[in-house]
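Here's a quick briefing to read with the structure open beside you. Take it one topic at a time and find each residue as you go.

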Amino acid sequence: MTTKLQGIGASPGIILGNVLLYQEADLGYQSLKINQDSIADEKESLEKAIVKSSEQLEQIYEQALEKLGEEEAEVFQAHLMMLQDPEIKNKAFQRIEESLETAVEAIDKVTEEYADLFRAMDNEYMRERVVDILDISRRIMANLLGVDLNPLQNMSEPAIIVAHDLTPSTTALMDKEKVLGFVTKIGGRTSHTAIMARSLEIPAVLGVSGVLEIAKNQAQIILDAETGQVLIDPDETEWAEYATKRNEFQEYMKQLLKLKERPAETFDGHRVELAANIGSLADLEAALKYGAEGVGLFRTEFLYMDRTESPSEDEQYKTYKAVLEAFGDKPVVIRTLDIGGDKEVPYLNMPKEMNPFMGWRAVRFCLDRKDIFKAQLRALLRASNYGNLHIMYPFIAGLEDLRAANEVLNEVKSELRLEGIAFDEKVKVGIMMEIPSAALIADRLAKEVDFFSIGTNDLIQYTMAADRMNEKVSGYYQPFHPGVLRLIKQIVEGAHSEGIWVGMCGEMAGDPEATETLLGLGLDELSMSASSILKVKKRVLTLNHEKCKKHVNKILE
């Protein structure tokens with residue numbers, strides 16, 4: 001019998017397939033004493049697990065070398081060297097022999113001792129090696145326990161993933177050829193998991209209560225991300241009905257592609273720029289495929305995630321240069337590092353906070369960690385020779401934040417000049433408008449920047465006091481609330497009063513139902529997931545700009 005569940009359609013598409021239940025690797029074990037007769041067996045098991053771990057790392061290294069380049073792949077070479085250090089194995093053997101511990105407990109305790117040793121060191125580089133040691137430990141333990149650390153990277157068959165939640169880095173590393181779609185118990189349209197799904201063009205339905213209790217591995221499942229509906233164990237009639245809907249959706253997307261070369265212009269001649277939000281070089285293909293007129297938001301935090309140390313200046317420079325070259329003279333807005341909230345970077349050792357979304361994050365973190373901030377700004381300025389770069393600071397609360405960030409930027413410019421390194425002296429600098437305090441002084445901030453980009457995901461949750469990750473208060477997360485719209489209008493008027501352009505890069509920008517309102521509010525640019533560009537363009541082509549303005553005036557009243 002079919003079970004129908006309702007969630008939030010977070011990334012468009014209709015997909016049919018089999019369930020693959022996903023959960024984080026459980027490396028828990030019982031602390032047991034072995035007898036003398038088992039010592040040799042435990043040592044042999046550990047030896048085999050180390051050999052298997054080495055083979056896996058060799059394979060990962062080769063894949064990373066091919067997909068990401070030599071610099072990124074070096075991390076796995078370093079892991080291999082640590083793994084093959086005989087001291088770790090010998091100390092684990094000693095614990096097995098003397099303390100009669102199982103192989104998994106022995107390697108866990110030995111690597112934790114090493115980790116404590118590195119944590120206590122004065123040298124920051126050595127302290128950061130803790131993550132490497134623990135990563136190696138997890139791999140060996142997983143092989144001893146028979147657990148797959150990365151099931152979504154090593155899938156044997158295509159499937160629809162069902163999970164409690166998926167982290168942004170897990171989503172980013174999915175095997176796109178095998179992951180047909182995914183369903184999660186928690187989350188919503190503006191979670192970073194949803195954003196990554198749209199970037200990867202993987203259909204997703206989030207916030208589906210009860211899905212983990214009902215879905216079984218290999219069960220048939222239908223995911224309709226257009227309506228947010230999930231059908232588990234559908235009957236033959238339902239399967240055939242949704243197979244037809246899937247084909248119709250695919251045909252609709254083909255028809256939309258015919259609009260790629262048309263300008264986004266209302267029928268009374270008002271132009272709006274439609275740009276793409278991207279998180280990596282992998283997203284460029286989709287952005288160009290759907291006719292993006294530039295990049296309205298490059299989320300650089302994904303360069304820092306799912307690794308054991310910060311990307312080097314040269315690595316960042318090559319990435320930024322590649323994006324700028326891909327878009328030629330079209331604007332590319334690159335946001336400086338925005339971590340915190342639901343974007344964790346373990347090796348940076350950020351403290352646990354009661355309310356991380358309003359804590360030590362984004363530009364606040366960067367102003368305290370100027371070593372990281374300056375390396376990124378150097379890479380950005382060096383890349384500025386290869387395209388139309390716009391640097392954007394996130395999470396600006398007021399003039400103090402903006403001026404402090406600009407002070408660091410000016411320091412970097414002075415250093416590059418002294419080193420004789422060329423960069424675009426007229427590089428544009430703007431800010432993300434996502435904190436109400438900044439919105440309320442938009443006219444003042446506009447005097448000191450070249451552009452604004454409105455981050456509605458945070459602006460709405462802070463204005464409405466509604467956590468966008470909490471489905472219990474999702475009813476309070478209201479993009480069209482008059483209070484939110486008035487703040488947006490105030491930002492637009494503040495920008496235009498000083499002759500600068502204003503865009504929007506939050507998820508509201510990619511919602512065709514919001515397009516009429518956003519044009520009426522006076523937005524100059526809308527930036528969104530690449531797959532949303534043509535849907536929004538189709539909507540723009542049906543509108544009259546003068547009527548849009550009247551529509552907005554009515555709402556605001």
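**Helix α19 and what follows**

In α19, the buried residues are Val484, Leu485, Leu487, Ile488, Ile491, Val492, Gly494 and Ala495. Keep in mind that you're looking at a predicted model. An α-helix has 3.6 residues a turn, so residues three or four places apart point the same way.

- Helix α19 covers residues 482–497, which is 16 residues. From first C-alpha to last it reaches 22 Å, close to the 22 Å expected at 1.5 Å a residue.
- After α19 comes glycine 499, and its phi is positive, near 75 degrees.

**The nonpolar cores**

- In soluble globular proteins, nonpolar side chains tend to be buried together.
- The largest nonpolar core here has 108 residues, and the members that touch the most others are Tyr393, Phe452, Ile488, Leu523 and Leu526.
- Another core lies apart from that one; it has 27 residues, including Ala92, Phe93, Ala103 and Ile107.
- So what does isoleucine 488 touch, leaving aside its neighbours within four places in sequence? Its contacts are Ile454, Thr456, Leu459, Met504, Met508, Leu521 and Leu523.

**Serine 453 and the cysteines**

- Look for serine 453 in strand β14, residues 451–454.
- Serine 453 counts as buried because its relative accessibility is 1%, and the cut-off for buried is under 20%.
- Beyond its neighbours within four places in sequence, serine 453 is in contact with Gly296, Met392, Ile431, Met432, Met433, Gly503, Met504 and Cys505.
- Cysteine 505 is buried too, at 2% relative accessibility, and cysteine 548 counts as buried at 1%.
- How many disulfides does a search of the whole structure find? It finds zero.

**Strand β10 and its partners**

- Strand β10 (residues 295–299) is mostly covered, with five of its five residues buried.
- On one side of the pairing story, β10 and strand β9 (residues 273–278) pair in the parallel sense over three bridges. The bridge partner of isoleucine 278 is phenylalanine 298 in β10.
- To get from β9 to β10, the chain passes through helix α11 (residues 284–289), and this β-α-β crossover is right-handed.
- Strand β11 (residues 331–335) also pairs with β10 in the parallel sense, over three bridges. There, arginine 299 stands opposite arginine 335 in β11.

Key. Residues are numbered from 1 along each chain as its sequence is written. This is a predicted model: local features need pLDDT of at least 70, side-chain atom pairs count only at pLDDT 80 or more; totals for chains, interfaces and linings use all residues. Side-chain values use heavy atoms; hydrogens and water are left out. A nonpolar core is a set of buried Ala, Val, Leu, Ile, Met, Phe, Trp, Tyr and Cys residues joined through side-chain atoms within 4.5 Å. Buried means under 20% relative accessible area, exposed over 50%, partly exposed in between (1.4 Å probe, protein chains only). Contact means heavy atoms within 4.5 Å. Helices (H or I, at least four residues) and strands (E, at least two) are DSSP runs, numbered from the N terminus. The expected span of a helix is 1.5 Å times one less than its number of residues. A disulfide is a pair of cysteine sulfur atoms within 2.5 Å. Two strands pair if DSSP finds at least two bridges between them. A crossover is right-handed if, with the strands pointing away from the viewer, the path from the first strand over the helix to the second runs clockwise.
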